[in-house]
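The points are grouped by topic.

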Amino acid sequence: MSPLAFVAALFATSVAAGGAGAVLGLGGGILLIPILTLFFGVDLHYAMGASIVSVIATSSGAAAAYLRTSLSNVRIGLFLALATVSGALLGAGLAGVVPIRVLQLLLGLALAYSTVTTLRQLRVELPETTETDPLALRFGLEGTYYDAALDRDVKYRATRVAQGFSAMFGAGLLSGLLGIGSGAFKVLALDYVMRLPMKVSTATSNFMIGITAAASAAVYFGRGDIHPLIAAPVALGVLLGASVGTVLMGRLRNTTLRMLFLPVILYLAVSMIARGLGLGGS
Amino acid sequence: MLRPSSFVSNPAPIAADTPVTWTGDPPADEEARVVWEALAGAPALRYAVLVERVGERLFRLDLERFGVSADVGFFRPFYDAHARRIVAALAGTRLSLGDRA
């Protein structure tokens with residue numbers, strides 16, 4: 001394959017990954033790393049570097065659209081970004097100390113756990129919020145959005161803020177360690193821990209992913225892991241895909257979204273555990 | 001340069017004044033050839049000079065292939081880092097590092 005054809009193939013693949021990433025709130029990066037390494041033969045470090053740049057592109061593209069529809073809650077996102085950015089910086093610092101296979105195994109197990117919780121909630125269109133968290137009241141972590149599928153305004157308020165903040169720190173830590181946006185964990189924290197509606201969770205996650213990834217990207221850039229001719233087509237492709245994915249997301253019901261989300265998490269969990277056990281390459 | 005197949009991800013630090021010489025045959029693979037060309041005509045180069053030359057050649061190669069899209073100064077550190085990784089991968093096989101050089 002000629003270099004130009006290679007770049008074109010990277011771009012086309014990134015469009016698809018960006019679309020999926022925007023719909024699922026994953027950021028696309030975690031999809032791209034295995035694709036780039038397994039199917040394109042790109043070194044893992046450069047794949048991670050391109051991934052982290054693409055994650056910023058996805059988040060920027062999708063978040064802008066979500067902000068117009070009030071799906072992203074900027075207040076909640078910025079509040080929790082304190083945790084994710086701190087975690088990302090710490091994670092990047094620890095990356096050279098903790099064996100990567102241990103991290104992959106932990107990530108796989110955690111993703112498997114999130115699959116179980118997603119299965120339990122498969123029929124829940126909107127979370128039932130009965131608790132009132134004083135921290136949510138104090139910081140005004142609440143909002144309203146119009147749900148086109150339900151044809152009504154949906155009001156919501158975050159619960160279990162301290163636990164959600166801790167979970168977000170962990171998500172940021174994984175972002176720094178593995179070069180991913182860790183959108184799955186952000187959605188998990190927002191949806192399952194803080195009991196926000198799934199659409200708000202995915203939209204706010206998309207908004208936060210870019211902020212977290214920017215912190216991690218500085219470390220990758222400093223190490224020389226960001227190859228311009230891999231990162232550029234990937235970032236542009238993902239940006240285009242994210243725009244299409246965002247349009248699709250507004251037309252899907254939350255249960256449909258979760259059904260789409262489930263196999264992705266399952267795939268990631270199995271592949272991560274396999275890698276952690278040394279069964280699926282490094 | 002897009003699909004590096006043999007380099008050391010996190011090479012151990014090498015002293016900047018370490019002499020480096022080419023010891024093997026002229027290479028067929030592109031990245032090793034860039035190193036070989038950088039050393040061509042010079043009996044030994046200091047490690048820092050070699051890395052700088054290889055980084056510059058890698059950058060020029062991408063610039064020739066992709067034009068202005070590769071000419072973003074922000075990404076320039078990548079090429080030096082990549083050069084260090086390639087040199088580390090060749091050390092001990094095609095490159096000799098140290099006093100014997």
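Ser54(A) counts as buried, because its relative accessibility is 0% (buried is under 20% relative accessible area, exposed over 50%, and partly exposed in between, with a 1.4 Å probe and protein chains only). The model is predicted: local features need pLDDT of at least 70 and side-chain atom pairs count only at pLDDT 80 or more, whereas totals for chains, interfaces and linings use all residues. Residues are numbered from 1 along each chain as its sequence is written, chains are lettered from A and ligands numbered from 1 in the order in which they are written, and side-chain values use heavy atoms, with hydrogens and water left out.

**Surroundings of Ser54(A)**
- Ser54(A) belongs to helix H3 (residues 44-69) of chain A; helices (H or I, at least four residues) and strands (E, at least two) are DSSP runs, numbered from the N terminus.
- A polar atom of the Ser54(A) side chain lies 2.7 Å from the backbone oxygen of Ser51(A).

**Positive phi in chain A**
- Most residues other than glycine have a negative phi.
- Arg160(A) has a positive phi, near 45 degrees, and sits in the loop between strand S2 (152-157) and helix H7 (161-178).
- With a relative accessible area of 27%, Arg160(A) is partly exposed.
- Arg195(A) has a positive phi of about 60 degrees and is located in the loop between helix H8 (183-193) and helix H9 (198-223).
- Arg195(A) counts as buried, at 16% relative accessibility.

**Nonpolar surface of chain A**
- Phe11(A), Leu236(A) and Leu240(A) make a nonpolar surface patch of about 280 Å².
- Leu240(A) is part of helix H10 (residues 228-249) and is partly exposed, at 45% relative accessibility.

**Chain B: overall layout**
- Chain B has three helices and three strands, which follow the pattern β-α-β-α-α-β along the sequence.
- Of the 101 residues in chain B, 42% are buried.
- Among contacts (heavy atoms within 4.5 Å) between residues of chain B at least 6 apart in sequence, 69% join residues at least 24 apart.

**Chain B: helix H1**
- In helix H1 (residues 30-39) of chain B, the buried residues are Glu31(B), Ala32(B), Val34(B), Val35(B), Ala38(B) and Leu39(B).
- These residues are on the same side of H1(B), because they cover an arc of only 150 degrees around the axis (taken from the directions from the helix axis to the C-beta atoms).
- The cover over the buried residues of H1(B) includes strand S1 (19-22), strand S2 (45-46), helix H2 (47-66), helix H3 (76-90) and strand S3 (95-97) of chain B.

Note on methods: Patches are made of residues with over 30% relative accessible area and no salt bridge: like charges are joined within 9 Å, nonpolar side chains (Val, Leu, Ile, Met, Phe, Trp, Tyr) within 5 Å. Accessible areas come from the Shrake-Rupley method with a 1.4 Å probe; for residues, only the protein chains shown count as cover. A salt bridge is a side-chain nitrogen of Lys or Arg within 4 Å of a carboxyl oxygen of Asp or Glu. A polar contact is a pair of N or O atoms within 3.5 Å; within protein, one must be able to donate a hydrogen and the other to accept it, and residues adjacent in sequence count only if both atoms are side-chain atoms.
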